[in-house]
Amino acid sequence: MRAGALQYLLSTLRLDSVEATCPPVDFSSITVAPSGIDAQALAALRAVTGDRHVSTRDSERILHAGGKSTPDLMRMRAGEVPEAPDAVVFPGSAEEVRAILAVCVERGLAVVAFGGGTSVVGGVDPVRANFSGVITLDMRRLDRLLHIDPVSRTATLEAGMRGPAIEAALQAHGFTLGHFPQSHQEATLGGYVATRSAGQASTGYGRMENLVKAVHLETPSGPFDVGSSAPGTAAGPKLLDAIVGSEGTLGVITSATLMISPLPKHKSYGAWSFPSFEAGADALRRLRHEGVRGDMPHVCRLSDTDETAATFKLGGWKAGALARYLVLRGQRTQALALFVWEGGEREAKARKRRSARIMRRAGGVALGPLPATAWEHGRFNGPYMRDELLTRGVYVETLETAATWTELAATYARVRGAILGALEAHGKAGYVQAHISHVYPDGASLYYTCLDD
């Protein structure tokens, strides 16, 4: 983390120091309760996968004892692992998952499906309840592209593929999934589906529920296929909707068929400043409602004035010069909007020009492509920055909600006020910033980041 960023945090949070005062404990010093799984159960599991794909080592159990929420990380960094699975199993196929679940049903073992381990809502926490033990099912070995249909533009992939592997496999055929959540580098396809994930380019490509056509699950009662390869159906209810976002509670997702898109030949970047967050949000609404259908940027992001100030302060690009330019243009407070249009070069540039007219009428000031290209370059850095800040004693947490255009400004203010009020009630010098991360026909999402000491 750059020295300028640390000094900014020092003054913003009124910290005495930003030295590395809270380093994580040495991993080898963490102890967990002995595995409670009996020898017969272990033998049955190993008979399915082979000996080397079942582990009761403390190191594996610790790594699978939680997700990546801030409380998870703080417990782990302090060496506190109150619950860990009794064993970690690495299946290599849907058939092996089915056989493992049969063993667990017979022996009363709870099963936790584990993809990239990036859950921030407790989705991979081991919960024993009334079970005789807990195993974690790590899906990393299910990592193949099973089928691609370039004519219909669909692909079937195994659930353990991580974001970069998905893109590498599809791009080799000239396609992209277009799904880039901030957890992209670690999260898996199964996690995308199980959490009803949204990505940074979802305004253009769609959220996960818009991309999934079919899912294969293994359940304690046997295999279950939901969805269809057909382009449409009048049958209902749509059982696929019960699976997408089910957080692994209804079965283990082993593969999914998704819509894919041609790899864009060109990206056109743009950034605009608005005199307030409310003005910027109204510009995005106009862009969605008044623009030519299909002109919406694939990436559409609007920072509030606090996040914009941090971006200008910390940006390595010509941020200071742009901030001074905006003051000269009469914008003493700014809300920064970042856009990326994808597609053919002529098409993307034409969409950008048409969108620019709406931005200008809404009071925006064009800033050129540099802020958006700089954002894309560091788009997946957030989780790593959080780790660095935790080491320096700065607590970081995020939350997300959504509101209709009518309620967006009021919701933004109420949530921000509630976070600051809670921090102040505990004597904290809190800092809250927010941005719109996705735009819908009837509203938008609000993504908040709060920091305190």
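This chat goes through the aromatic ring pairs of a predicted model.

Student: What kind of model is this, and how are residues numbered?
Tutor: The model is predicted, so local features need pLDDT of at least 70, side-chain atom pairs count only at pLDDT 80 or more, and totals for chains, interfaces and linings use all residues. Residues count from 1 along each chain as its sequence is written, and side-chain values use heavy atoms, with hydrogens and water left out.

Student: How many aromatic pairs are there?
Tutor: The whole structure has 3. Rings of Phe, Tyr and Trp (its six-membered ring) pair if their centres lie within 6.5 Å; planes under 30 degrees apart count as stacked, over 60 as edge-to-face and the rest as tilted.

Student: What do Phe-277 and Tyr-412 form?
Tutor: A tilted pair, 4.4 Å centre to centre, with 40° between the planes. Phe-277 lies in helix α11 (residues 277–290) and Tyr-412 in helix α17 (residues 408–425), so the pair ties together parts 135 residues apart in sequence. Helices (H or I, at least four residues) and strands (E, at least two) are DSSP runs, numbered from the N terminus.

Student: Is Tyr-412 buried or exposed?
Tutor: Buried, at 8% relative accessible area. Buried means under 20%, exposed over 50%, partly exposed in between (1.4 Å probe, protein chains only). Phe-277 is buried too, at 4%.

Student: How are the rings of Tyr-412 and Tyr-448 placed?
Tutor: Their centres are 6.3 Å apart and their planes at 15°, so the pair is stacked. Tyr-448 lies in strand β18 (residues 443–452). Ring pairs link Phe-277, Tyr-412 and Tyr-448 into a cluster.
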